[in-house]
Amino acid sequence: MKVDIGIVRRRRGINRVMLALCVLAALGSVAVLASIMWELLSRGVASLTLATFLQPTPPPGGQGGLANAILGSLMMTVTAIVVATPVGVLTGTYLAEYARRSRLAPVVRFLNDSLLSAPSIIIGLFAYAILVMPMGHFSGWAGAFALALIAVPVIVRTTEDMLALVPDQLREAAAALGVPAWRMIVRVTWRAAARGIVTGALLAVARISGETAPLLFTALNNQFLTANMDGPMPSLPVAIFQFAMSPYKDWQQLAWAGALLVSVSVLLLSILARAMAARGDR
Amino acid sequence: MFSEDSATMDRPEEVATRIPSGLKLNLPFRWLTAAAAMLVVAALLAMLAILAVDSAPAFRRFGFAFLVTSAWNPVTDTYGALAPVTGTLVTSVIAMLVGTPVAVGVAIFLNEICPHRLRDPLAIAIELLAAVPSIIYGMWGLFVLAPLLGRHVYPALIHWIGPVPVVGALFQGPPFGIGTLTAGLILAIMVIPFIASVARQVLGSVPPMLREAAYGVGATTWEVARHVLIPHARRGLIGGVMLGLGRALGETMAVTFVIGNAHRLSASLLHPGTTISAVLANEFTEASGDLYLSSLVALGLILFAVTFAVLLGARALLARADRRSV
C-alpha cells in the first residue's frame, strides 16, 4: 500500500495549527484573569489607605473613603444570607427528603432553576415593585430582599445535591432505631451533608457580595455613614459603579480601591468554598 | 438483656416512655420544609405576575408597535423597544460567536493536551473567571479593554473591512473603543468559563472506547476532537452554549460600562448602542411618569421571557444529553 505523504503531512499540519489555537484559547483566558488581577492590584493598592476604611464617600474633589459603602454592603449581605440560608436549606431538604416521588418536586426544581438564571436586574425590578413602591422610598431592606432572592436558589441547589449524596443506608439505620423522620434529617443527613451545605452558603455569599444590578433601584445609594436599613443604603458595588463612571480622577481611584476589596473578598470566598468541597470529597 | 426486657414487659408504662420523643414534630417539620419550597415557587410566580401587571399599560398604549419601533423619548412619552432588544440580541450573538469556539478550545486543551500537573491549577484559574463580579469586568472593559481595542484593533477593522461591501457596514465610524462590539467581547469573556466547564464535562463523558478506537486507526488529536468527541457530545455542548447565552442576555453591569448607552439604532458594531439591562440600569431610578416606568418594566418582561425560553431549551438539551450518556 502506498502512503500519500502529502495527506499525512497536511493532517499533521492541521492538527498542529488547531491544537495551537486550543492552547492559545486557554492561555488567553488565563491572561484575561491575570490582566484583571494586575489592574486591580496595581491601581487598587495605591489608592487603598486607612482612610478608605474609616471615612465615608467624599463629594467630588474631597477627601474620603468607602466606610459607608463597606458597612452597607456588609449589613445587606449578612441580612440577605441570614434570611436566605434557612429558606434555601429547608427547600433543598423538602426536595431531597420528602418530595422524592412527588410530582411537585420537578416543578419546584424547575422554578428554582428559573430563579437561579433570572437576570439579577429583573430581581431588582421585582424588589422595587413589591417593596420600594409600597414603602414609598428606597431602603436597605429592599436591597437585602433582592440579594436574598438571588442567594436562595444557589443554596437550594447545593443543599439538594449534597443531601442526595448521603447514602440511604444512613437514613434506614436511623429509621430502624426508631428515630422520628425530622430528627433523622436534622441529626443524621444534615450532619452528613454539613460541609456541602456550608459550601453552598459560601458560594451564595460570594455571588451576592459582587451584585450591583439588583441594588441600583432597591437600596440606591447614600453618601453618609448609616446603619439604618429603612432608608437608602450605600453598597460597595454601587459606589464603584458611580465612581468609576464619573469623570473625577480621585473618584475613579476610590472605585479601584473598592473593586480590589470586592474582588479579593469574592475570590477568597470562592477559593474557600472550593477548598471545603474538595476536603469533603476526601 | 433478657431479664431487662421481661422487666419492662411487666410495666407497660415504661415501654411508652421508650417511644422516641419528638414524634409529634414530624408533621410540623415536614410542613416547614414544604412551606419554604412554596415560598420559592411563590416568589417566581409573583415576579411574573408583577412584571405582567406593571408592563400592561405600556403594551396597551403601544401594542405590537412597542416591539418594532425604536423611538425612546420621555419628553413626548413615546417608547419603542427595538433598539435595546436589538442591542441585547446582537451583543449576545457576538458573545456566543466569539466565546463558544474559545471555550471549546479551552475544554479540548484541558481534557486532551494539558500536562496532568497543570490541569488542576489551570482549570481553577478559568473557573475563577466565572467568580469575578460583573462590575469588575465592566471596569476592566472600560479602562483596559476599550482603550486597547479603540487604539489598536478597531482602526485596523475600519481600514481593512470597512470598504468591503455589506460586511463593511458593520465596521464604520470613529474607533471610540466603546460600543456594541466591545460589549459583545466582554460578554464573550464572561461566558467562556461557563461554556468551558460544561464542555469539559460532556467531552469527558464520551466513552473511552470511541476515543481509543479513533486513535487506533491513526487519527490525530484534533481529528479525534473534531470528528469523535464534539459530534458525540454535540447536544450537551449546545446545552452549555444556551446556558452561557442565558447569562449573556441578562448581564447588566459589564455591558452598561462599555456599550455607550445610545438609543439610536445603527448598523455599525463600533457605534454606541444599548441593551435592555443597560437601559434599566441607567434609566429606572430617574424614570418619572407611569408610562415611562411601565415601558421599562415591559423591557424587563421581554428580557425575562427570552432568558426563560433559553433556559427551557438548555435544560431540554442537557437532559437528553444526560440520558444518552447513561
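This is a predicted model: local features need pLDDT of at least 70, side-chain atom pairs count only at pLDDT 80 or more; totals for chains, interfaces and linings use all residues.
Residues are numbered from 1 along each chain as its sequence is written, chains are lettered from A in the order in which they are written, and side-chain values use heavy atoms, with hydrogens and water left out.

**The interface**

Begin by displaying chain A and chain B together: 78 residues of chain A are in contact with 77 residues of chain B, contact being heavy atoms within 4.5 Å. The area buried between the two chains is about 6,900 Å², and carbon and sulfur atoms give 81% of it; buried area here is the accessible area (1.4 Å probe) that two parts lose on being put together, summed over both.

Next, look for the polar features of this interface, where the rule finds 10 residue pairs in polar contact, both residues being at pLDDT 80 or more. A polar contact is a pair of N or O atoms within 3.5 Å; within protein, one must be able to donate a hydrogen and the other to accept it, and residues adjacent in sequence count only if both atoms are side-chain atoms. Select helix 1 (residues 5–47) of chain A, which with 18 residues supplies the largest share of the side of chain A that touches chain B; helices are DSSP runs (H or I, at least four residues), numbered from the N terminus. That side of chain A has 57 nonpolar, 14 polar and 7 charged residues, where Ala, Val, Leu, Ile, Met, Phe, Trp, Tyr, Cys and Pro count as nonpolar, Asp, Glu, Lys and Arg as charged, and the others, Gly among them, as polar.

**Salt bridges between the chains**

The interface has 3 salt bridges by the rule, which asks for a side-chain nitrogen of Lys or Arg within 4 Å of a carboxyl oxygen of Asp or Glu. Select R11(A) and E223(B), whose closest N and O atoms are 2.7 Å apart in one salt bridge. Then select D113(A) and R315(B), which meet in a salt bridge at 2.5 Å, N to O. R315(B) lies in helix 14 (residues 290–325) of chain B and D113(A) in helix 4 of chain A, so the pair joins two chains. D113(A) is buried at 9% relative accessibility, whereas R315(B) is partly exposed at 32%; buried means under 20% relative accessible area, exposed over 50%, and partly exposed in between (1.4 Å probe, protein chains only).

**Within chain A**

Move to D168(A) and R100(A), whose side chains form a salt bridge at 3.2 Å, N to O. D168(A) lies in helix 7 of chain A and R100(A) in the loop between helix 3 (67–98) and helix 4, so the pair ties together parts that are 68 residues apart in sequence. D168(A) is partly exposed, with a relative accessible area of 32%, and R100(A) is partly exposed, with 43%.

Now select V166(A), in the loop between helix 6 (140–165) and helix 7 (168–176) of chain A. V166(A) counts as buried at 7% relative accessibility, and, leaving aside residues up to four places away in sequence, V166(A) touches R171(A), T189(A), A192(A) and A193(A).

**Within chain B**

Finish with R211(B) and E112(B), which form a salt bridge with their closest N and O atoms 2.4 Å apart. The pair links helix 9 (residues 208–216) and helix 5 (residues 82–113) of chain B, the two residues being 99 residues apart, and both R211(B) and E112(B) are buried.
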